[in-house]
Structures are given as C-alpha cells and as structure tokens.
Amino acid sequence: MQLQPGLLVSYNASPDATYQVVNVDDFSDCVWLRRFPLRERRLPTFSVPADQVRPIASEQS
C-alpha cells in the first residue's frame, strides 16, 4: 500500500500511538505526520523517513 495523505499509520519510534499522514515528500522519501485522533488544539506535524511508518490495517473489509 502506498502512503498518502489522510492514511492512518503507526510509527516505529512510538508503536502504541496512531498517526495520520499529512503529506508525503517523494523527493526526500519522508512522511509528515501528526498524532491521531485530532484534538481541538493544533497538533504539531513532524517529518520521519517513510520506511519508519506502516499503514494500520483497516478493520473494514
């Protein structure tokens, strides 16, 4: 599965948390993430190498 904005993923450095892909930078092979679920206050985004994240299996089939 290709990473795309809006996708929910887990991040290797924090495997118990859920993150949402905000943007994918194909030139640097980085992914911008933010914690999920979203809160009323702004959540910071941060960049990680794309190989450090993996999609969370959807419960809908």
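**Entry 1: Ser10**

I began with Ser10, which touches Pro15, Ala17, Gln52, Val53, Arg54 and Ile56, leaving out residues up to four places away in sequence. Contact here means heavy atoms within 4.5 Å. I noted that this is a predicted model, where local features need pLDDT of at least 70 and side-chain atom pairs count only at pLDDT 80 or more, while totals for chains, interfaces and linings use all residues. Residues are numbered from 1 along each chain as its sequence is written, and side-chain values use heavy atoms, with hydrogens and water left out.

Where does Ser10 sit? I found Ser10 in strand E1. Helices (H or I, at least four residues) and strands (E, at least two) are DSSP runs, numbered from the N terminus. Is Ser10 buried or exposed? Ser10 is buried, because its relative accessible area is 7%. The scale is this: buried is under 20% relative accessible area, exposed is over 50%, and partly exposed is in between (1.4 Å probe, protein chains only).

**Entry 2: the sheet**

Next I looked up the strand order. I found an open sheet of five strands, E4-E3-E2-E1-E5, with antiparallel pairing. Two strands pair if DSSP finds at least two bridges between them. E4 and strand E5 (53–55) are at the edges with a single partner strand each, so one side of each has no neighbour in the sheet. On average, neighbouring strands of this sheet are turned by 50° against each other, direction ignored. For such angles, axes are lines fitted to C-alpha atoms, for helices over the stretch in contact, and angles run from 0 to 180 degrees between N-to-C directions.

Then I went through the pairs.

- E1 and E2 are antiparallel and share three bridges. Tyr11 stands opposite Ser14 in E2.
- E2 (residues 14–25) and E3 (residues 30–36) are antiparallel, joined by seven bridges. Thr18 stands opposite Phe36 in E3.
- E3 and E4 (residues 46–49) are antiparallel, with four bridges. Cys30 has Pro49 in E4 as its bridge partner.

I also checked the turn between E2 and E3. The two strands form a hairpin with four residues between them. Asp29 in this turn has a positive phi of about 55°.

**Entry 3: the rings**

How many aromatic pairs does the structure hold? I found three. Rings of Phe, Tyr and Trp (its six-membered ring) pair if their centres lie within 6.5 Å; planes under 30 degrees apart count as stacked, over 60 as edge-to-face and the rest as tilted.

One of them is Tyr11 with Phe46, a tilted pair at 6.0 Å centre to centre and 50° between the planes. This pair links distant parts of the chain, since Tyr11 is in E1 (residues 8–11) and Phe46 is in E4, 35 residues apart. Tyr11 is buried at 17% relative accessible area, but Phe46 is partly exposed at 27%.

Tyr19 and Phe46 form an edge-to-face pair, 5.7 Å centre to centre with 85° between the planes. Tyr19 counts as buried because its relative accessibility is 5%. Ring pairs link Tyr11, Tyr19 and Phe46 into a cluster.

**Entry 4: the core**

Last, I looked up the largest nonpolar core. A nonpolar core is a set of buried Ala, Val, Leu, Ile, Met, Phe, Trp, Tyr and Cys residues joined through side-chain atoms within 4.5 Å. The largest one has 12 residues, including Leu3, Tyr11, Tyr19, Val31 and Val53. E1, E2 and E3 each supply at least two of its residues. E2 gives the largest share, three residues.
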